[in-house]
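Good morning, colleagues. Please have the sequence and the coordinates open while I speak.

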Amino acid sequence: MNWLQDLLWNPGSVAHIVFLYAFVIATGVLLGKIKIFGVSLGVTFVLFMGIFMGHFGFSADHHILHFIRDFGLILFVFCIGLQVGPSFFLLLRKEE
């Protein structure tokens with residue numbers, strides 16, 4: 001039962017951070033699908049959900065957040081490289 005307590009309330013636990021991020025993202029995406037007068041906020045609601053959770057004191061260890069930020073940047077650059085890479089090499093062949 002101690003693991004459940006760490007998962008929900010220990011900000012130094014990596015599992016807590018992953019659970020918190022998953023909750024914020026899932027709730028934000030679900031609330032973003034709600035349309036009011038034909039307009040929905042979409043993925044922007046994830047940002048608002050993060051602000052809402054931070055207002056009520058949910059936080060994380062700065063070292064873990066630093067790692068997650070760097071890892072997210074690495075994944076972003078990797079995905080852009082996968083998407084642009086094949087066309088980049090085709091453009092190099094055409095110029096010769």
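The model is a predicted one, in which local features need pLDDT of at least 70, side-chain atom pairs count only at pLDDT 80 or more, and totals for chains, interfaces and linings use all residues. Residues are numbered from 1 along each chain as its sequence is written, and side-chain values use heavy atoms, with hydrogens and water left out.

Let me begin with the helices. Helices here are DSSP runs of H or I with at least four residues, numbered from the N terminus. Two packed helices are described by the angle between their axes and the distance between the axes. Each axis is a line fitted to C-alpha atoms over the stretch in contact, and angles run from 0 to 180 degrees between N-to-C directions.

How do the axes of H1 and H2 cross? Helix H1, residues 2–9, has an axis that comes within 7 Å of that of H2, and the two cross at roughly 55°. H1 is therefore oblique to H2. Oblique covers what remains once angles under 35 degrees are counted as roughly parallel, over 145 as roughly antiparallel, and 65 to 115 as roughly perpendicular. For H2 and H3, the axes come within 8 Å and cross at roughly 130°. H2 is therefore oblique to H3.

As for handedness, H1 passes H2 in a right-handed crossing, and H2 passes H3 in a right-handed crossing. The term right-handed means that the near helix is turned clockwise from the far one by less than a right angle.

I turn to the largest pocket. A pocket is an open set of points on a 1 Å grid over the protein atoms alone, where a 1.4 Å probe fits, with protein on both sides within 12 Å along at least five of seven lines; lining residues have an atom within 4 Å of a point. The volume of the largest pocket is about 150 Å³, taken as the space filled by probe spheres set on the points, which are joined across faces, edges and corners. Helix H2 (14–32) and helix H3 (44–55) are the elements that give two or more residues to its lining. Among the lining residues are Leu20, Tyr21, Val24, Gly50, Met53 and Ser59. By class, the lining holds 7 nonpolar, 3 polar and no charged residues. Nonpolar covers Ala, Val, Leu, Ile, Met, Phe, Trp, Tyr, Cys and Pro, charged covers Asp, Glu, Lys and Arg, and the others, Gly among them, are polar.

Next, individual residues. Serine 59, in the loop between H3 and H4, is partly exposed at a relative accessible area of 42%; buried means under 20%, exposed over 50%, and partly exposed in between, with a 1.4 Å probe and protein chains only. Its C-alpha lies 21 Å from that of leucine 73, 14 residues away in sequence.

Is phenylalanine 37 buried or exposed? Phenylalanine 37 is exposed, with a relative accessible area of 83%. This residue sits in the loop between H2 and H3 and has a positive phi of about 55°, although it is not a glycine.

Finally, serine 87 belongs to helix H4, residues 62–95, and is partly exposed at 36% relative accessible area.
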